[in-house]
Amino acid sequence: MEAVEVAEAVLPEVDDEFAKRLGVEIHYRTRAEALLTEAGRVTGVLARGPRGEALRFRAPAIVLATGGFAHNKEMMERLVPVYAPYTDKSVATVGATGDGIRMAWAVGAGKEGTEVQASYRPGPRGVGTTNHVSATAKQ
C-alpha cells in the first residue's frame with residue numbers, strides 16, 4: 001500500500017467544509033519534494049502533483065509533519081544499524097521513508113536525535129531527542 005493511499009484513507013475524516021472556511025487547501029496525491037527558503041526561513045514547498053506536474057506552494061508558516069524513516073533501509077543502516085535488519089518487517093506507517101527528514105536536513109535542520117528514530121523530529125541544531133519524553137519536552 002502506498003503512503004498516499006493510507007493518507008486518503010485517513011484524511012476523508014477531515015471536514016473539507018471546515019478546511020475551506022479556514023482557507024485551507026488539501027492536495028491529495030501530491031508529494032512534497034523540497035522546502036523553499038528565503039533569508040534562512042522556510043517559506044514554501046516544491047511538490048509533484050498527481051499527474052506529475054511541478055507545484056510550488058508558499059505560506060507565511062510551514063508545518064513539516066513527517067513520519068520517521070523506519071522503511072528506509074539506507075537511513076536505518078546509517079543511523080540506527082541495530083534495527084536495520086528489520087526494515088522490511090517494520091509496523092511503522094508505510095510512508096515512514098525519511099523524505100521529510102531529508103528535506104529538513106537539506107535546508108539546515110539539525111541531525112541530532114536520529115539515534116532514536118521513533119522520536120526524531122527535525123529541529124534546531126544542538127537540540128537532541130534521546131527519548132520520547134525529552135522529544136516532547138523540547139518540541
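Glu38 counts as partly exposed, at 44% relative accessibility (partly exposed lies between buried, under 20% relative accessible area, and exposed, over 50%, with a 1.4 Å probe and protein chains only). This is a predicted model, in which local features need pLDDT of at least 70 and side-chain atom pairs count only at pLDDT 80 or more, while totals for chains, interfaces and linings use all residues. Residues are numbered from 1 along each chain as its sequence is written, and side-chain values use heavy atoms, with hydrogens and water left out.

- Glu38 and Arg58 meet through their side chains in a salt bridge, at 3.0 Å from N to O (a salt bridge is a side-chain nitrogen of Lys or Arg within 4 Å of a carboxyl oxygen of Asp or Glu).
- Because Arg58 lies in strand 3 (residues 54-58) and Glu38 in strand 1, this pair ties together parts that are 20 residues apart in sequence. Strands (E, at least two residues) and helices (H or I, at least four) are DSSP runs, numbered from the N terminus.
- Arg58 is likewise partly exposed, with a relative accessibility of 46%.
- A salt bridge also joins Glu33 to Arg48, whose closest N and O atoms are 3.3 Å apart.
- This second pair links distant parts of the chain, with Glu33 in strand 1 (residues 31-38) and Arg48 in strand 2 (residues 41-48), 15 residues apart.
- Both residues are partly exposed: Glu33 has a relative accessible area of 41%, and Arg48 one of 33%.

**Other charged pairs**

- Asp88 and Lys89 form a salt bridge in which the closest N and O atoms lie 3.7 Å apart.
- Asp88 is exposed, with a relative accessible area of 63%, and Lys89 is exposed as well, at 58%.
- A network of salt bridges links Arg31, Asp99 and Arg102.
- Side chains of opposite charge can pair when their charged atoms come close.

- Strand 1 and strand 2 run antiparallel and are joined by seven bridges; Leu36 has Gly44 in strand 2 as its bridge partner.
- Two residues separate strand 1 from strand 2 in a hairpin, and Ala39 in the turn has a positive phi of about 50°.
- Five bridges pair strand 2 with strand 3 in the antiparallel sense, and Arg56 in strand 3 is the bridge partner of Leu46.

**Nonpolar surface**

- Phe18, Leu22, Val24 and Ile26 form a nonpolar patch on the surface, with about 350 Å² of accessible area together.
- Patches are made of residues with over 30% relative accessible area and no salt bridge, joining like charges within 9 Å and nonpolar side chains (Val, Leu, Ile, Met, Phe, Trp, Tyr) within 5 Å; accessible areas come from the Shrake-Rupley method with a 1.4 Å probe, and for residues only the protein chains shown count as cover.
- Leu22 is found in the loop between helix 2 (16-21) and strand 1, and is exposed, with a relative accessible area of 57%.

Definitions and conventions
Pairing = 2+ DSSP bridges.
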